[in-house]
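Below are some notes on the aromatic side chains and their contacts. Please read them alongside the model.

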Amino acid sequence: MSFTAKYRIADKCIEIHSLYAMVHELCKDYRFEGVPDLSVKITKVCIDYEREKSAREDVAEGIPVRQFLDEYLETLAVYRKIAEWIPGQDTILFHGSCIAVDGEGYLFTAKSGTGKSTHTRLWRQLFGDRAVMVNDDKPMIRVESLGGNSGRAVVYGTPWDGKHRLSSNTSVPLKGLCILERAEENVIRRITKEEALPMLVQQAYRPADPSAMVKTMELIDRLSRDALLYRMGCNMDISAAEMAWRVMSVASS
């Protein structure tokens with residue numbers, strides 16, 4: 001038995017042929033009928049690759065090797081195939097938590113365990129219905145070139161949205177991108193491209209295909225040049241969200 005359906009993700013129609021139904025349940029809010037821009041077909045080889053990759057990472061981190069069902073590993077295989085393809089569409093997969101307020105997106109990234117999901121939860125608490133969770137784990141960013149030295153970035157929700165399943169099938173212009181760090185007192189400042197670039201590279205999906213990797217680096221370079229970039233030391237109090245909003249919402253390039 002196999003399963004096939006089409007979805008619209010980051011403004012592209014993607015047809016998924018899978019061995020299991022789980023990935024289609026995951027993507028159900030993105031169902032779409034149209035001519036596919038990409039057709040993804042998963043085989044047992046793809047699933048075995050995800051299992052071996054996960055085991056290697058667990059060994060490298062010094063933790064017991066985790067055991068996952070094929071159904072779950074297939075969802076990873078699908079997103080990997082999409083992530084390998086999208087740089088050719090001027091789009092990258094990025095590890096972060098993006099929230100929109102009044103139609104503008106604020107993207108927070110950090111090392112795992114820092115609290116980026118907690119920070120955007122504070123934004124939802126602060127703004128209520130004005131806030132929309134775009135994606136809490138793996139949003140996509142299209143970096144559009146407008147010619148010359150100018151450009152803009154658009155953030156898209158995706159079905160791969162973290163353990164709390166927080167996302168929306170939506171897109172918003174990126175107002176600001178902030179690197180979070182834990183601190184007892186809240187402080188935020190604008191940073192340069194050079195300061196932000198190492199974290200942006202670390203948090204972006206880095207394709208295995210060399211040409212896709214070259215394109216990814218070009219897109220990250222463009223993003224770091226055109227986006228409003230910040231570094232914030234923050235605690236877990238709602239005052240952190242208040243400060244971040246106060247600074248990021250009024251800034252302009």
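1. Rings of Phe, Tyr and Trp (its six-membered ring) pair if their centres lie within 6.5 Å; planes under 30 degrees apart count as stacked, over 60 as edge-to-face and the rest as tilted. By this criterion the structure holds nine aromatic pairs. The model is predicted: local features need pLDDT of at least 70, side-chain atom pairs count only at pLDDT 80 or more, and totals for chains, interfaces and linings use all residues. Side-chain values use heavy atoms, without hydrogens and water, and residues are numbered from 1 along each chain as its sequence is written.

2. One of the pairs is W123 with F127. The ring centres are 5.8 Å apart and the planes at 45°, so this pair is tilted. Both residues belong to helix α4 (residues 116-127), four residues apart, or about one turn of the helix. Helices are DSSP runs (H or I, at least four residues), numbered from the N terminus.

3. F127 also pairs with W245. Here the centres are 4.8 Å apart and the planes at 65°, so the geometry is edge-to-face. This pair links distant parts of the chain, as F127 is in helix α4 and W245 in helix α7 (residues 238-248), 118 residues apart.

4. W123 and F127 are both buried, meaning under 20% relative accessible area with a 1.4 Å probe, protein chains only. F127 counts as buried because its relative accessibility is 10%.

5. One aromatic cluster is formed by Y106, F108, W123, F127 and W245.

6. A charge sits over a ring if NZ of Lys or CZ of Arg is within 6 Å of the ring centre and within 35 degrees of the ring normal. The charged end of R8 meets this for F32, at 4.9 Å from the ring centre.

Terms used
Helix = DSSP H or I, 4+ residues; strand = E, 2+ residues; numbered from the N terminus. Buried < 20%, exposed > 50% of the residue type's maximum accessible area, 1.4 Å probe, protein only.
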